[in-house]
Structures are given as C-alpha cells and as structure tokens.
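The points below may be read alongside the sequence and the model.

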Amino acid sequence: MIGTYWHQNGTDHSIEDGKLAEDDGLNSLVFMMLMTDARAKDSDALPAGTTDRRGWPGDSFAASPWGSRLWLLAREKLTTTTLQRAEDYASEALVPLLKGMAKRYRVTASRQGRERLRLDITITNPTTR
C-alpha cells in the first residue's frame, strides 16, 4: 500500500528509489480512520452555523460507521473537556483496528500552543505478548 504520512501542514507521500514509498498500511489506515468525517450523532452539538451532520454515504451499507467525529472540534476552545472529547472520538474511530490489526491502542490528546491539538496514538501489534 502506498504510505500516507501526516505532518503539520497535511498529508504527504515519500519517494524511495524513484517510486512512491509503501508501508504495511497501518499508518494510512489510521490516518483515514481519523481524518474521514463520521456522521454526527443526534445528540452531538454541531459547530455554530451548520446543520450538516456529515458522514460517509457508504456507511448506509456498512456494518459499522467509518471515520471519526473529530471534525466537531474544529472551532472548539482547547479546554480539558475538548482534549477528552478528542481522545474519545479518536478511540471510537479506531475500534475496528481490534479486529486483527491491533491488540490494543492508546490515544492521548494534548495541547500544542494556543490553537493546536495533538493526538499521540500507540498501537500494540496483535502478535505482541
């Protein structure tokens, strides 16, 4: 799978030996799980001025929804509550990893400066004891 990497300005791909670098797919999968907009729940407060609950249309046909609700935090102040919600939304989005790609995972949210939220994600390989 072509590797997708996240850096502070967005996503990127690496070139190795004149071609797009590949990875085992886990980095790319986690990126897609977190950065795809999941549909907001009926109980979620939408960002001011919006009525769009977003979400991927294919979820209508899927056994479980795809993506995360991290998009709901785009205009939030970086409070302790917001950091906890970010951890909750990311953890919720990563649950499908437990079906064979990971034994467990841990998400930690922290504040980076005044306007940046950082997610650190640790994934334990399913074959690790």
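1. A definition is needed at the outset: a nonpolar core is a set of buried Ala, Val, Leu, Ile, Met, Phe, Trp, Tyr and Cys residues joined through side-chain atoms within 4.5 Å. The word buried stands here for a relative accessible area under 20%. The model under discussion is a predicted one.

2. Overall make-up. The protein contains 2 helices and 6 strands, and their order along the sequence is β-β-β-β-α-α-β-β. Of its 129 residues, 32% are buried. The exposed surface comes to about 9100 Å², with carbon and sulfur atoms supplying 49% of that area. When contacts between residues at least 6 apart in sequence are considered, 44% of them join residues at least 24 apart.

3. The nonpolar core. How many residues does the largest nonpolar core have? It has 21 residues, and those with the most contacts inside it are Val 30, Leu 34, Leu 70, Leu 94 and Leu 97. At least two residues of this core come from each of α1, α2 and β5 (104–112). The element that gives the most is α2, with 6 residues. As a general background, nonpolar side chains tend to be buried together in soluble globular proteins.

4. Apart from its neighbours within four places in sequence, Leu 97 is in contact with Leu 26, Leu 29, Val 30, Met 33, Ala 102 and Ile 123.

5. In general, an α-helix has 3.6 residues a turn, so residues three or four places apart point the same way.

6. Asp 44 in the loop. Asp 44 is found in the loop between α1 (26–35) and α2 (80–94). Is Asp 44 buried or exposed? Asp 44 counts as buried because its relative accessibility is 14%, which lies under the 20% cut-off. Leaving out residues up to four places away in sequence, Asp 44 touches Arg 53, Arg 69, Leu 72 and Tyr 89.

7. The pair of Asp 44 and Arg 69. The two residues form a salt bridge in which the closest N and O atoms are 2.7 Å apart. This pair links distant parts of the chain: Asp 44 and Arg 69 both belong to the loop between α1 and α2, yet stand 25 residues apart. Both Asp 44 and Arg 69 are buried. The side chains of Asp 44 and Arg 69 also make a polar contact, at 2.7 Å.

8. Other salt bridges. The count of salt bridges is 7. One of them joins the side chains of Arg 54 and Asp 37, at 2.8 Å from N to O. Here too distant parts of the chain are linked, with Arg 54 and Asp 37 both in the loop between α1 and α2 and 17 residues apart. Asp 37 is partly exposed, its relative accessible area being 26%. A further salt bridge is that of Arg 85 with Glu 76, whose closest N and O atoms are 3.7 Å apart. Arg 85 is partly exposed, with a relative accessible area of 24%, and Glu 76 is partly exposed at 37%. Through shared partners, salt bridges join Lys 41, Asp 44, Arg 69 and Glu 92 into one network.

9. The backbone at Arg 54. Arg 54, which lies in the loop between α1 and α2, has a positive phi of about 55° although it is not a glycine. Most residues other than glycine have a negative phi. Arg 54 counts as partly exposed, at 38% relative accessibility.

10. In what sense do β5 and β6 pair, parallel or antiparallel? The pairing is antiparallel and extends over 9 bridges. Within it, Arg 111 has Leu 117 in β6 as its bridge partner. The hairpin has 3 residues between the strands, and Gly 113 takes a positive phi near 75° there.

How values were computed:
Residues numbered from 1 in each chain as written. Predicted model: local features only at pLDDT ≥ 70, side-chain atom pairs only at ≥ 80, totals over all residues. Heavy atoms only, no water. Helix = DSSP H or I, 4+ residues; strand = E, 2+ residues; numbered from the N terminus. Buried < 20%, exposed > 50% of the residue type's maximum accessible area, 1.4 Å probe, protein only. Polar contact = N/O pair within 3.5 Å; in protein donor to acceptor, adjacent residues only side chain to side chain. Contact = heavy atoms within 4.5 Å. Salt bridge = Lys/Arg side-chain N within 4 Å of Asp/Glu carboxyl O. Areas by Shrake-Rupley, 256 points an atom, 1.4 Å probe, with all protein chains shown as cover. Pairing = 2+ DSSP bridges.
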